[in-house]
Amino acid sequence: MNPVLTRRRSPAWTLANCLTYGRLVAVPVVVALLYWPDEASARFGALGVFILAAITDYLDGYVARTYDQSSALGRMLDPIADKLLVAACLLMLASDNTIHGWTLWAAIVILCREILVSGLREYLAELKVGVPVSRVAKWKTTLQLVAIGFLVAGPAGESILPGTIWTGTALLWIAAALTLYTGWDYMRAGIKHVIDDPR
C-alpha cells in the first residue's frame with residue numbers, strides 16, 4: 001500500500017485550526033499597534049487586524065462544521081483565542097483612556113465573567129459535564145467584538161464617522177449586560193452540578 005495515500009494530515013494543521021492560530025497571532029499585533037494610540041495609521045492598522053481576527057472567529061467554526069474538521073485542540077483553543085483578543089484589547093483601550101470613567105465597569109464585568117466561566121468550565125470538565133454555548137452568549141460575543149472594533153478605531157474613527165467612540169461605548173454596555181445575564185446562567189448551571197456532585 002502506498003504510504004503517501006495512507007498518510008493523514010495532522011489534525012493540528014486543519015484549516016479550522018490554522019484560522020484559530022491566526023487569531024492568536026493577531027493578539028500581540030493589535031496590542032503592538034495600540035501602543036501608538038494617537039497615530040491614526042496605527043489605529044486603523046489595529047482595526048484592520050482586529051476585524052480579520054474577528055472574522056476568523058466565525059470562519060473557524062463554520063469550516064470545522066462544514067468540512068468535518070472539529071478537533072479537541074480546536075475546541076480548546078477557540079475560546080482561549082477569543083478571550084485573549086477581547087481581554088488584550090480592553091486593557092489597551094483602558095490604558096489609553098478610550099475606555100474611562102464608569103465605562104471601565106463594563107470592561108471589568110466582561111473580564112470577570114470570562115475568568116468565571118473559564119474556571120467553571122475547567123471544574124465541570126472534571127465531572128465530564130459539557131457547557132454548551134447558548135444563542136445569547138453568541139450574541140454577546142458578537143456585540144463585544146463590534147463594540148471593541150469601534151473603540152479600537154477610537155479618535156481616528158471619529159474623523160471619518162463622528163460618534164464612533166460613543167457607539168462603541170454604548171455597545172460595550174449592552175454587551176456587559178448580556179455578559180452578566182449569560183454569566184449568571186452558566187453560574188446557575190455550575191452550582192447545580194456542584195451541589196449534586198456526590199464527592
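Buried here means a relative accessible area under 20%, exposed means over 50%, and partly exposed lies in between. At 4% relative accessible area, Lys 140 is therefore counted as buried. The legends below describe a predicted model.

**Figure 1. Confidence along the predicted chain.** The mean pLDDT of the chain is 86, and 86% of its residues reach 70 or more. Among the elements of the chain, helix α2 has the highest mean pLDDT, 94, whereas helix α1 (residues 3–6) has the lowest, 44. Over residues 1–7, pLDDT stays under 50. For this stretch the model has one contact beyond four places in sequence. Where pLDDT is low, the predicted coordinates should not be read in detail.

**Figure 2. The largest nonpolar core and the surroundings of Phe 50.** This core holds 31 residues. Those that touch the most other members are Phe 50, Leu 85, Leu 90, Ile 148, Val 152 and Leu 172. At least two residues of the core come from each of α2 (15–33), α3 (40–66), α4 (72–95), α5 (103–126), α6 and α7 (164–196). Leaving aside residues up to four places away in sequence, Phe 50 touches Val 30, Leu 85, Cys 89, Leu 145, Ile 148 and Gly 149. Another core, of five residues, lies apart from the largest one; Val 117, Leu 120, Leu 124 and Ala 137 are among its members.

**Figure 3. Helix α4 and its buried residues.** The 24 residues of α4 should span 34 Å at 1.5 Å a residue, and the end C-alpha atoms are 35 Å apart, which agrees. The buried residues of this helix are Gly 74, Leu 77, Ala 81, Asp 82, Leu 85, Val 86, Ala 88, Cys 89, Leu 90, Met 92 and Leu 93. An α-helix has 3.6 residues a turn, so residues three or four places apart point the same way. Asn 97, which follows α4, has a positive phi, near 70°.

**Figure 4. The salt bridge between Arg 23 and Asp 82.** The closest N and O atoms of this pair are 2.9 Å apart. Arg 23 belongs to helix α2 and Asp 82 to helix α4, so that distant parts of the chain, 59 residues apart, are linked. Arg 23 is buried, with 0% relative accessible area. Asp 82 also counts as buried, at 18% relative accessibility, because the cut-off is under 20%. Both residues belong to a network of salt bridges that includes Asp 57, Asp 60 and Asp 78. A search of the whole structure finds eight salt bridges. Side chains of opposite charge can pair when their charged atoms come close.

**Figure 5. Glu 114 with its partners Arg 113 and Lys 140.** The side chain of Glu 114 meets that of Arg 113 in a salt bridge, at 3.3 Å from N to O. Glu 114 also forms a salt bridge with Lys 140, for which the closest N and O atoms are 3.4 Å apart. Because Glu 114 lies in helix α5 and Lys 140 in helix α6, this pair ties together parts that are 26 residues apart in sequence. Glu 114 counts as buried at 10% relative accessibility, and Lys 140 is buried at 4%. Arg 113 lies in helix α5 and is buried, with a relative accessible area of 8%. Apart from residues up to four places away in sequence, Arg 113 touches Ala 137, Lys 140, Thr 179, Thr 182, Gly 183 and Tyr 186.

**Figure 6. The bend in helix α6 and the setting of Pro 155.** Helix α6 comprises residues 135–158, with Pro 155 among them. The helix bends by about 50° at Val 152, and Pro 155 follows within four residues. Val 152 is also one of the residues that touch the most other members of the largest nonpolar core. At 1.5 Å a residue, the 24 residues of α6 should span 34 Å, and the distance of 32 Å between the end C-alpha atoms agrees. Pro 155 has a relative accessible area of 45% and is therefore partly exposed. Not counting residues up to four places away in sequence, Pro 155 touches Arg 43 and Ile 165. From C-alpha to C-alpha, Pro 155 and Ile 165 are 7.3 Å apart in space, and they are 10 residues apart in sequence.

Definitions and conventions: Residues numbered from 1 in each chain as written. Predicted model: local features only at pLDDT ≥ 70, side-chain atom pairs only at ≥ 80, totals over all residues. Heavy atoms only, no water. Buried < 20%, exposed > 50% of the residue type's maximum accessible area, 1.4 Å probe, protein only. Contact = heavy atoms within 4.5 Å. Core = buried A, V, L, I, M, F, W, Y, C linked by side-chain atoms within 4.5 Å. pLDDT = per-residue confidence, 0-100. Expected span 1.5 Å × (residues − 1). Bend = angle between axes of the 7 residues up to and from the residue. Salt bridge = Lys/Arg side-chain N within 4 Å of Asp/Glu carboxyl O.
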